Amino acid sequence: MLRKAFPDHWSFLLGEIALYSLLVLVLTGVWLTFFFDPEMREVVYAGHYVPLRGVAMSAAYESTLRISFDVRGGLLLRQIHHWAALVFAAAIGVHLLRIFFTGAFRRPRELNWVIGVTLFMLALAEGFAGYSLPDDLLSGTGLRIAQGIMLSLPVVGTYVSFFVFGSQFPGHDFISRLYPMHILLLPGVLLGLVTVHLILVFHLKHTQWSGPGRTERNAVGKPMVPQFTASSAGLSLMVFGLLAALGAVAQINPVWVYGPYRPDQASTGSQPDWYVGFLEGALRLVPPWETNVAGHTLMWNVLLPAVVLPGLLFLVLYAYPFVEQRLTGEGRQEQHLCDRPRDRPVRTGLGVAGIVFYAVLLIAGGNDVAAAAFRVSVNVMTWTLRVLLVLAPIAAFFLTRWLCHALTDEEREHLREGVDTGDVRQTVEGGYEESRRPVTTVRPGAPRPQLTPAPRPGARTGTPSPEPPEPAPPSR
């Protein structure tokens, strides 16, 4: 078991970055729980931050200020925790993209793909919950949007809102209800699923790039002890150091600038963290569509972008491995070698189209800030992004598919004719030609030149050559 082989390639380290970011989140989160007060009761601030002295605020916001200004090292730990949350969600997202583009979700790893998508969804929920706990004006604006999403649910919307907030928004119970979700329930599910995910990775064998000596029946790489353990430990220290440096020098979420939450106010230029920015963008792009049915109003401008769209996105992610294997017939046998994205033009095109779709929504989530920065009309920018949301993914799909075919055709040409050397010579006929040399360096997973010359076109192979005639007997 200690000699288990782990393939040595940088793309396989993305999941480890997420794991070590989660470890930083747990350690810093445990420390923060000793000082945070998850209460909505009203207090008057009397701490070291002079501009807010004498201001009425919730106990949750006051304890956040106390952590930032009165507790030794509190601001550093708060910012490390927040940066780790951003890196954690980003690492899971990029890791999922690596799995998708290389086809590492195929049999027998469908369950691990489902677990990974679930972890990504839980990471988004956990990040939003932690982002909302300080009860500042920025997070309160986000909670007001979340309450509007709940109210958009037909028939049950008001019941869901009252169940979550305990009364009319904002109520007095929400922070005390959200706090155990953030520090206990969601982290417990995350840690449990991560454990199952790692057990399956260990049991099913790691995927690897194709190459000499690498087949569907083996794994070539570093043994777990000591090489892989040493490199993984070094990566963990790099992640810890980078997050500590970000927490020390890069300010994030300065809640004292926003002030305490008040229902009659909204902060200018409110932008959520990047991982929920696509929801904000979807809400801003959908026109104000409403329908009245039997005295009930269906708010399509909220229901479609904030409930239906995320549900469809995650449904597509969950179902894709099974649909692709059904269409290609690859579900009948196990796949342990990674695909290069260029060798799967349709899958790669779909993935790039999804990334472009997400990017347009993310840009739309800050359309007011972008419009002010570039001095353009918000309405013009909104309509431009609406058009791009439809056309840009389609264009990205066809362009990516064309590039994949072009790259594979170029590789075949190099294997067939060799690589240009730059040496030009004159032929007998008076023309010029460039000499070529055989391909010697090949990237992981790329096709390799044949060790023996290929048979001539049309020649038969696999049959023995005729025996040479026996010599004639000597004459007397």
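Start by selecting Asp135, which is buried, with a relative accessible area of 9% (buried means under 20% relative accessible area, exposed over 50% and partly exposed in between, with a 1.4 Å probe and protein chains only). The model is a predicted one, in which local features need pLDDT of at least 70, side-chain atom pairs count only at pLDDT 80 or more, and totals for chains, interfaces and linings use all residues. Residues are numbered from 1 along each chain as its sequence is written, and side-chain values use heavy atoms, with hydrogens and water left out.

Asp135 sits in the loop between helix 4 and helix 5 (137-151), where helices (H or I, at least four residues) and strands (E, at least two) are DSSP runs numbered from the N terminus. Although Asp135 is not a glycine, its phi is positive, at about 60°.

Next select Lys205, in the loop between helix 7 and strand 4 (222-223); this non-glycine residue has a positive phi of about 80°, and Lys205 is buried, with a relative accessible area of 18%.

Two cis peptide bonds come next. The bond from Arg107 to Pro108 is cis, with omega near 10°, and Pro108 belongs to the loop between helix 3 (74-102) and helix 4 (110-132). The bond from Phe169 to Pro170 is also cis, with omega near 0°, and Pro170 is found in the loop between helix 6 (157-165) and helix 7 (174-204).

Finish at helix 11, which bends by about 45° at Ala319, with Pro321 following within four residues; the bend is the angle between axes fitted to the seven residues ending at a residue and the seven starting there. Among the buried residues of helix 11 are Phe314, Tyr320 and Pro321, and just after the helix, Gly329 takes a positive phi of about 75°.
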